[in-house]
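Subject: Structure handover

Hi,

Here is the structure I promised to pass on. Please open it first, then read the notes below it.

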Amino acid sequence: MQVLLAQPRGFCAGVIRAIEIVERALEKYGAPVYVRHEIVHNKHVVDSLKAKGARFIAELSEAPAGAVTIFSAHGVARVVEQEAELRGLKVLNATCPLVTKVHIQGKNYVSAGREVILIGHAGHPEVEGTMGQIDGPVHLVQTEADVDALPLAIDTPVSYVTQTTLSVDETRGIIAALQRRFTNIVGPNTKDICYATQNRQTAVRELCERVDVLLVVGATNSSNSNRLREIGSEMGLPSYLVADGSEVNPEWVRGKARIGITAGASAPERMVEDVIDALRRIDTVEVTLMDGIEETIQFRLPSELTKDEPVAARHAVAG
């Protein structure tokens, strides 16, 4: 069988930065360091960091007073930041800079006297963090129908921000519905949508045009990984989300000439390799890398860990 790899796929700059923060914190302060929630949505990443001495906690109360504590890439509400300060925790903030940018946009809109509408998925950690960072009410919409149900007059000064793991394609319809509904509305430029989400979705669409089945490497609780699988299904392909090679069902690929593989932004490249190894146990495999965007963005680490040193190149996505 021929295996086509999407490009780009896997780790984005925000995920690389978050993992690097935990690893550098362990090197500098020693184990344990405490991480509030999963640093990123991937069990293999979490388990690897646990083995190095990271302890993942649901609430800050689980960390001893004064302990080194890390906030995940998804961001946290202000009440969490305040609780950490009250308990004297040494905080390293691994919030993705693109998520922080959304927080700042929302705060600026409130300061300008606008109601804030957040386009996102209820219950997602990033959404909870964003809503908790913005003073005043934040209206969450997940569908165009939610826009119609908003309890706001048509001339209300409104603004919108979006969950970063949604692409331009996913938000376009909701934004259009908001613009039809309200006469006084502003929002960020579409270039402010997470580049990694958009790039991976664009790449998977191109991949799906050339393969017979799609395998997406990622976690079931990863929003962007699930969306990649959904795109494959929408394009009429048998599409499956797998955490690693152990979850590959031989019946999915038996008799298929071309297998497409991509990975969510929090999925390590070694799990892609594990899936390819699983396919090799089924049949002879020829691997081809598709052409695609080469991502060069890097986010700097907190100053406590380095003096403006770029994120280590050793985490670059293999291609």
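A residue counts as buried under 20% relative accessible area, as exposed over 50%, and as partly exposed in between. Keep in mind that this is a predicted model.

Start with methionine 235. Its relative accessible area is 34%, so methionine 235 is partly exposed. Methionine 235 sits in the loop between α9 and β11 (239-242). Leaving out residues up to four places away in sequence, methionine 235 touches Arg205, Cys208 and Glu209.

Asparagine 224 lies in α9, which covers residues 223-234. Is asparagine 224 buried or exposed? Asparagine 224 is buried, because its relative accessible area is 11%, and the cut-off for buried is under 20%. The side chain of asparagine 224 reaches the backbone nitrogen of alanine 265 at 2.8 Å. Not counting residues up to four places away in sequence, asparagine 224 touches Thr165, Gly264 and Ala265.

Asparagine 224 also turns up in the cavity search. That search counts one cavity of 30 Å³ or more. The largest cavity has a volume of about 270 Å³. Its lining has 21 residues. Nearest its centre lie Cys12, Val15, His74, Thr165 and Asn224. Both α1 (13-29) and α9 supply at least two residues each to the lining.

Next, the aromatic rings. The whole structure holds one aromatic pair. The ring centres of tyrosine 240 and tryptophan 252 are 3.9 Å apart and the planes are at 5 degrees, so the pair is stacked. The pair links distant parts of the chain, with tyrosine 240 in strand β11 and tryptophan 252 in helix α10 (residues 250-253), 12 residues apart. Tyrosine 240 is partly exposed, at 23% relative accessibility.

Last, helix α7. This helix runs over residues 168-181 and has 14 residues. From first C-alpha to last, α7 reaches 19 Å, close to the 20 Å expected at 1.5 Å a residue. Which residues of α7 are buried? They are Val168, Thr171, Ile174, Ile175, Ala177, Leu178 and Arg181. What covers them includes the strands β6 (115-119), β7 (138-141), β8 (158-162) and β9 (185-186), along with the helices α6 (144-148) and α8 (195-208).

Best wishes

Terms used: Residues numbered from 1 in each chain as written. Predicted model: local features only at pLDDT ≥ 70, side-chain atom pairs only at ≥ 80, totals over all residues. Heavy atoms only, no water. Helix = DSSP H or I, 4+ residues; strand = E, 2+ residues; numbered from the N terminus. Buried < 20%, exposed > 50% of the residue type's maximum accessible area, 1.4 Å probe, protein only. Polar contact = N/O pair within 3.5 Å; in protein donor to acceptor, adjacent residues only side chain to side chain. Contact = heavy atoms within 4.5 Å. Expected span 1.5 Å × (residues − 1). Phe/Tyr/Trp six-rings, centres within 6.5 Å; stacked < 30°, edge-to-face > 60°. 1 Å grid on protein atoms, 1.4 Å probe; cavity = no way out; pocket = protein on both sides within 12 Å on 5 of 7 lines; lining within 4 Å. Points joined across faces, edges and corners; volume = space filled by probe spheres on them.
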